Amino acid sequence: MTVIAVTARKGGVGKSTITGNLAAELYEMGYSILVLDADPQQSLTKWARLGQSFLSVVSEVADTTHPQRFKDLVTASQKRAQVILIDTPPAYADAALLSALVADIVLLPCGPSPLDIMEAKDTLELIRDARTNRGGKKPLIRFVPSKMINRAGLSNDLPKTLADLGEKVLPGIYQRTVIAEATIEGKTVPEYARSSPAQAEFLALAKAVKELIK
């Protein structure tokens, strides 16, 4: 069983989008999946309720206001799925830290704006502190370039900028209309637009994450 937390202190960087679509791609690779929505705004849960699709079956709300209950939920979920993905809330340091303390892998989505990168640095330090508290081995930390724009200078530079922060960078996700269209339909991109450029990007990300799953 592998726990993957998708964390960002700043909202609007595609955290829920990455969580849901990565879950769908990993499911198609043969993993049993559970998605825990730990965001009080419940963005992912609301997305799932828009349609009768993959996310409506595998996602549920998780309360992080009671740390021990949350840890117990993650522990109990080990019997239910091979991969558990946790969508954490923005701006909630406690929830991000708590997820990092139970996760095997932490994905840090980051957009190309300077403000996104500044917030990513702060989040990275928080997750590194959690890793130190756990003996320095877990969680693995990986950046995910997010909401990139084709042929835009800041987007082109983003993977290298993130790599310079000292952690490895996974394949990125570009800002595409089809992602929003899929969400409106309550579907993931693999369900809504198979063989699209957006689906190819999520598949590439999933393949990279699969290499980290044990």
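User: How many aromatic pairs does the rule give here, and how is such a pair described?

Analyst: A pair of aromatic rings is described by the distance of the centres and the angle of the planes. The rule takes rings of Phe, Tyr and Trp (its six-membered ring) as paired if their centres lie within 6.5 Å, with planes under 30 degrees apart called stacked, over 60 edge-to-face and the rest tilted. The count comes to 1 aromatic pair. The ring centres of Y27 and F54 are 5.0 Å apart and the planes stand at 45°, so this pair is tilted. This is a predicted model, in which local features need pLDDT of at least 70 and side-chain atom pairs count only at pLDDT 80 or more, whereas totals for chains, interfaces and linings use all residues. Residues are numbered from 1 along each chain as its sequence is written, and side-chain values use heavy atoms, with hydrogens and water left out.

User: Which helices hold Y27 and F54, and are the two residues buried or exposed?

Analyst: Helices (H or I, at least four residues) and strands (E, at least two) are DSSP runs numbered from the N terminus. Y27 belongs to helix α1 (residues 15–28) and F54 to helix α3 (residues 54–58), 27 residues apart, and the pair thus links distant parts of the chain. For burial, buried means under 20% relative accessible area, exposed over 50% and partly exposed in between, with a 1.4 Å probe and protein chains only. F54 is buried at 11%, whereas Y27, at 46%, counts as partly exposed.

User: Which residues touch the most other members of the largest nonpolar core?

Analyst: A nonpolar core is a set of buried Ala, Val, Leu, Ile, Met, Phe, Trp, Tyr and Cys residues joined through side-chain atoms within 4.5 Å. The largest one has 36 residues, and L26, I33, L107 and V209 touch the most other members. Helix α10 (residues 197–210) gives the most to this core, with 6 residues. Contact means heavy atoms within 4.5 Å, and I33, leaving aside its neighbours within four places in sequence, is in contact with residues including L26, Y27 and F54.

User: At what angle do α1 and α10 pack?

Analyst: Axes are lines fitted to C-alpha atoms, for helices over the stretch in contact, and angles run from 0 to 180 degrees between N-to-C directions. Angles under 35 degrees count as roughly parallel, over 145 as roughly antiparallel, 65 to 115 as roughly perpendicular and the rest as oblique. The axes of α1 and α10 are 9 Å apart, at an angle of about 75°, and the two helices are therefore roughly perpendicular. Among the residues making the contact are L22 and L26 of α1 and F202 and V209 of α10.

User: In what order do the strands of the sheet lie?

Analyst: Strands of a sheet pair through backbone hydrogen bonds, either parallel or antiparallel. Two strands pair if DSSP finds at least two bridges between them. Here 7 strands form an open sheet with parallel pairing, in the order β3-β2-β4-β1-β5-β6-β7. β3 (59–61) and β7 (168–169) stand at the edges with a single partner strand each, so one side of each has no neighbour in the sheet. Strand β1 (residues 2–6) pairs with strand β5 (residues 105–110) over 3 bridges, and L107 in β5 stands opposite V6 and has R142 as its bridge partner in β6.

User: Which residues lie on each side of β5?

Analyst: In a regular strand the side chains alternate between the two faces of the sheet. I105, L107 and P109 lie on one side of β5 and V106, L108 and C110 on the other, and all are buried.
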